[in-house]
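Visitor: Hello! Could you walk me through what is shown here, step by step?

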Amino acid sequence: MLQPWTIDLQRKTQRDAATAPNVGDRVPYVIIKAAKGAKAYERSEDPIFVLENNIPIDPQYYLENQISKPLLRIFEPILKNASKELLQGSHTRSISISTPSNSGIMKFAKKQLSCIGCKALISGSDRTLCSHCKGREAELYCKTVANVSELEKLFGRLWTQCQECQGSLHQDVLCTSRDCPIFYRRKKAQKDMAEAKVQLDRWSF
């Protein structure tokens, strides 16, 4: 029977044999969204590849297999309808799903700028705001700057934490430990910071 990590290992080897895990290494993977009925091993993917390409993970899989069962074991003796109160209702209806950047139909999609304020599509010489958001230019610019600043602080804290872990605050972080949760948080913060700076660069005065 095929296991998710074996398929993930095959994909990593095909993409870059030099950085693929060796015998005895732990192979991290996440379960991504796929066609209905697809096996778990067919939906396994490298976490960094998923992050870099905005591939949506399968929230229902993690809710049913990683979260709901432990929660129900804890709360069923306490709550009369634990499953209904914890796993159903308005608090479970909001799910954020990433849009793949280079797979599926997105390979053929034509990118177009959207308004930083209301996300409406804009064209022509306007590269920042639509006509309806022009009056909020100062407010939206300050929000963009504040967002970049917060992400820089977050990345800086995670970077320093990794430097402390490797024993030097004066060297670049060389750690690539896929077993460390800080590694993935640092990669995510770095990606978010780069995207926020792209938005900031769209402003011209």
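Guide: Gladly! Buried means under 20% relative accessible area. Keep in mind that this is a predicted model.

Visitor: What share of the 205 residues in the chain is buried?

Guide: A residue counts as buried when its relative accessible area is under 20%. Taken over the 205 residues in the chain, the buried share is 26%.

Visitor: Which elements make up the chain, and in what order do they run?

Guide: The secondary structure comprises two strands and six helices. Reading from the N terminus on, the order is α-β-β-α-α-α-α-α.

Visitor: Is Cys130 buried or exposed?

Guide: The cut-off for buried is under 20% relative accessible area. Cys130 has a value of 8%, so Cys130 is buried.

Visitor: How many disulfides are counted?

Guide: A disulfide needs two cysteine sulfur atoms within 2.5 Å. For Cys130, the closest cysteine sulfur is in Cys118, 3.5 Å away, which is too far for a bond. Cys133 is in no disulfide either, as its nearest cysteine sulfur, that of Cys115, is 3.7 Å away. By this rule the number of disulfides is zero.

Visitor: What part of the accessible surface of the chain belongs to carbon and sulfur atoms?

Guide: The accessible surface of the chain is about 14,500 Å². Of that area, the part belonging to carbon and sulfur atoms is 54%.

Definitions and conventions
Residues numbered from 1 in each chain as written. Predicted model: local features only at pLDDT ≥ 70, side-chain atom pairs only at ≥ 80, totals over all residues. Heavy atoms only, no water. Buried < 20%, exposed > 50% of the residue type's maximum accessible area, 1.4 Å probe, protein only. Helix = DSSP H or I, 4+ residues; strand = E, 2+ residues; numbered from the N terminus. Areas by Shrake-Rupley, 256 points an atom, 1.4 Å probe, with all protein chains shown as cover.
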